[in-house]
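Please look at the sequence and the 3D view together before reading on. The report below moves from the whole chain to single residues.

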Amino acid sequence: MIGAVLPVYNEEAIAGAVIKCFKPFVDKFVVLISEKPWFGETEPPDRTEEICRELDVDIIKGSWEHYHKQRNLGNQICSDCDLILTIDSDELMEPQEIEKLIKFAENHQAVGVVPEVYWKDL
């Protein structure tokens, strides 16, 4: 079983595209919506939660001090999965690249990927 964890804060412009990109490859998709930013002033919530609900993913809302605490909660929720993809809120991949990543990860204990942003629009 494959899980996906997506920490977000006011990401209405891209959260839907990221979910649609990875959802066909995972069995469990958890979006952690922060009610405040890690740094800076809190802004009114945007449509991120509504978009995530429309895409039928599990949603957890909360206020986390740091990104790693938000991400780690998602990893705990997906602890029943054999593989967990922790996705940045602006990370998109081509389907064939996701397949390669999963195939590689299934044969290794842990995988870290430093993505290079190359997309120009959704």
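## Surface and overall layout

The accessible surface of the protein chain comes to about 7700 Å², and 50% of that surface belongs to carbon and sulfur atoms. These values, like the others in this report, come from a predicted model. Of the 122 residues in the protein chain, 39% are buried.

The protein chain has four helices and four strands, and along the sequence these elements follow the pattern β-α-β-α-β-α-β-α. Among contacts in the protein chain between residues at least 6 apart in sequence, 80% join residues at least 24 apart.

## Helix α1 and what covers it

Helix α1, which spans residues 15-22, is mostly covered, with six of its eight residues buried. The buried residues of this helix are A15, G16, V18, I19, C21 and F22. Which elements cover them? The cover includes the strands β1 (2-8), β2 and β4 (83-86), together with the helices α2 and α4 (95-106).

An α-helix has 3.6 residues a turn, so residues three or four places apart point the same way.

## The nonpolar cores

The largest nonpolar core holds 27 residues, and the members that touch the most other members are L6, I19, F22, F29, V31 and I87. At least two residues of this core are supplied by each of β1, α1, β2, α2, β4 and α4. There is also a second, separate core of six residues, which includes V30, W64, C78 and C81.

S34 lies in strand β2, and S34 counts as buried because its relative accessibility is 3%, under the 20% cut-off. A polar atom of the S34 side chain lies 2.5 Å from the backbone oxygen of K36. When neighbours within four places in sequence are left aside, the residues in contact with S34 are V8, Y9, G62, W64 and Q70.

I102 is placed in helix α4, and with a relative accessibility of 8% this residue also counts as buried. Not counting residues up to four places away in sequence, I102 touches I2, F25 and L83.

## Cysteines without disulfides

How many disulfides does the structure hold? The structure holds zero disulfides. For C78, the nearest cysteine sulfur is that of C81, at a distance of 4.6 Å, and C78 is in no disulfide. The cut-off explains this result, because a disulfide requires two cysteine sulfur atoms within 2.5 Å. C78 counts as buried, at 0% relative accessibility, and C52 likewise counts as buried, at 0% relative accessibility.

## One aromatic pair

The count of aromatic pairs comes to one. The pair is formed by W38 and Y67, whose rings are 5.4 Å apart from centre to centre, with 90° between the planes, an arrangement described as edge-to-face. The pair links distant parts of the chain, since W38 is in the loop between β2 (28-34) and α2 (48-54), while Y67 is in helix α3 (residues 67-77), and the two are 29 residues apart.

Are these two residues buried, partly exposed or exposed? W38 counts as partly exposed, with a relative accessibility of 31%, and Y67 counts as partly exposed, with a relative accessibility of 26%.

## Positive phi angles in two loops

Most residues other than glycine have a negative phi. N10, which is not a glycine, has a positive phi of about 45°, and N10 is placed in the loop between β1 and α1. At 22% relative accessibility, N10 counts as partly exposed.

D56 is not a glycine either, and D56 has a positive phi of about 55°. D56 is found in the loop between α2 and β3 (58-62). Is D56 buried or exposed? D56 counts as exposed because its relative accessible area is 62%, over the 50% cut-off.

Methods:
Residues are numbered from 1 along each chain as its sequence is written. This is a predicted model: local features need pLDDT of at least 70, side-chain atom pairs count only at pLDDT 80 or more; totals for chains, interfaces and linings use all residues. Side-chain values use heavy atoms; hydrogens and water are left out. Rings of Phe, Tyr and Trp (its six-membered ring) pair if their centres lie within 6.5 Å; planes under 30 degrees apart count as stacked, over 60 as edge-to-face and the rest as tilted. Buried means under 20% relative accessible area, exposed over 50%, partly exposed in between (1.4 Å probe, protein chains only). Contact means heavy atoms within 4.5 Å. Accessible areas come from the Shrake-Rupley method with a 1.4 Å probe; for residues, only the protein chains shown count as cover. A polar contact is a pair of N or O atoms within 3.5 Å; within protein, one must be able to donate a hydrogen and the other to accept it, and residues adjacent in sequence count only if both atoms are side-chain atoms. A nonpolar core is a set of buried Ala, Val, Leu, Ile, Met, Phe, Trp, Tyr and Cys residues joined through side-chain atoms within 4.5 Å.
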